[in-house]
Amino acid sequence: MVEPLLYAFAGACLATLLLLLFLPLFWRRAVRLTTQRLTERLPLSVAEIVATQDRLRAAHAVQTRATERRADSRFAEAARERIEAGKLRAADLGQKVEITDLRARVTALEAAAAEVRGDLEQASARSRETASALEAAQLERRAAERGRDQALKESAAASSKANDLSIELAAVTATLAAARETERELEAELARAKTHEAELEALLGAETARVADAQAARVIAERRLAEETESYVALRAEIARAGLALPAGGAPDPALGEL
């Protein structure tokens, strides 16, 4: 019962001893392979590092300038659209003023038509009164011929005035219909102007969103460049702390090759 335990313990001790003997070899090989991989990933000289950084800066500058040009173009287009929208608003206000004037004219014409209708009603009433007087004059024809003649004259004058008032009412009605048609046309033009203004405002919102996206992409690119630079500096510092720094000429360290 004890012997198997002793054999197991002795085997474990032997395995541990062998592990301690071969562990430095495995460690050196791991360090050598890691150093080789890091050396292959890094540039071979300071000039290449500077050239890579200059190339990244140039590419970022070109992209930034293109973004700024697009943003300036979008801002200019947005300014032109705002000016056009202002002109449309001014035209809208002018049309509203015209509509207000037309409504005032329509109100005045309606008032004049009401007065004409009142005069026509009064003329009709006088005509009816004249007709009644004419009937009375006909009954008293034998007694008052002069009264009958005078009543006939008054009836003719009232009829003529009623005809004149009817003609004037027809003219006022035609003028009122023309004014209402003009008002409908102006209202339709005002609706089209409002629709165009809404379309311009929607286009302006879309262009503003595109400019914001371009600025966000620029900020992301700057952050990415800063992160790559920081990671590169950290990697160089880690290699320096591990004693695996590259020589000035960019060639691998001979000591690392022996490892």
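1. Arg103 is partly exposed, with a relative accessible area of 44%. Here buried means under 20% relative accessible area, exposed means over 50%, and partly exposed lies in between (1.4 Å probe, protein chains only). The model is predicted: local features need pLDDT of at least 70, side-chain atom pairs count only at pLDDT 80 or more, and totals for chains, interfaces and linings use all residues. Residues are numbered from 1 along each chain as its sequence is written, and side-chain values use heavy atoms, with hydrogens and water left out.

2. Arg103 pairs with Glu187 in a salt bridge, at 3.4 Å from N to O. The term salt bridge stands for a side-chain nitrogen of Lys or Arg within 4 Å of a carboxyl oxygen of Asp or Glu. Because Arg103 lies in helix H2 and Glu187 in helix H3 (residues 145-241), the pair ties together parts that are 84 residues apart in sequence. Helices (H or I, at least four residues) are DSSP runs, numbered from the N terminus. Glu187 is partly exposed, at 33% relative accessibility.

3. Within helix H3, Glu181 and Arg184 sit three residues apart, about one turn of the helix. They form a salt bridge whose closest N and O atoms are 2.3 Å apart. Glu181 is partly exposed at 36%, and Arg184 is partly exposed at 48%.

4. Arg74 and Glu77 also form a salt bridge, with 3.7 Å between the closest N and O atoms. Both belong to helix H2 (residues 46-139), and being three residues apart they are separated by about one helical turn. Relative accessibility is 28% for Arg74 and 24% for Glu77.

5. The whole structure holds five salt bridges.

How values were computed:
Helix = DSSP H or I, 4+ residues; strand = E, 2+ residues; numbered from the N terminus.
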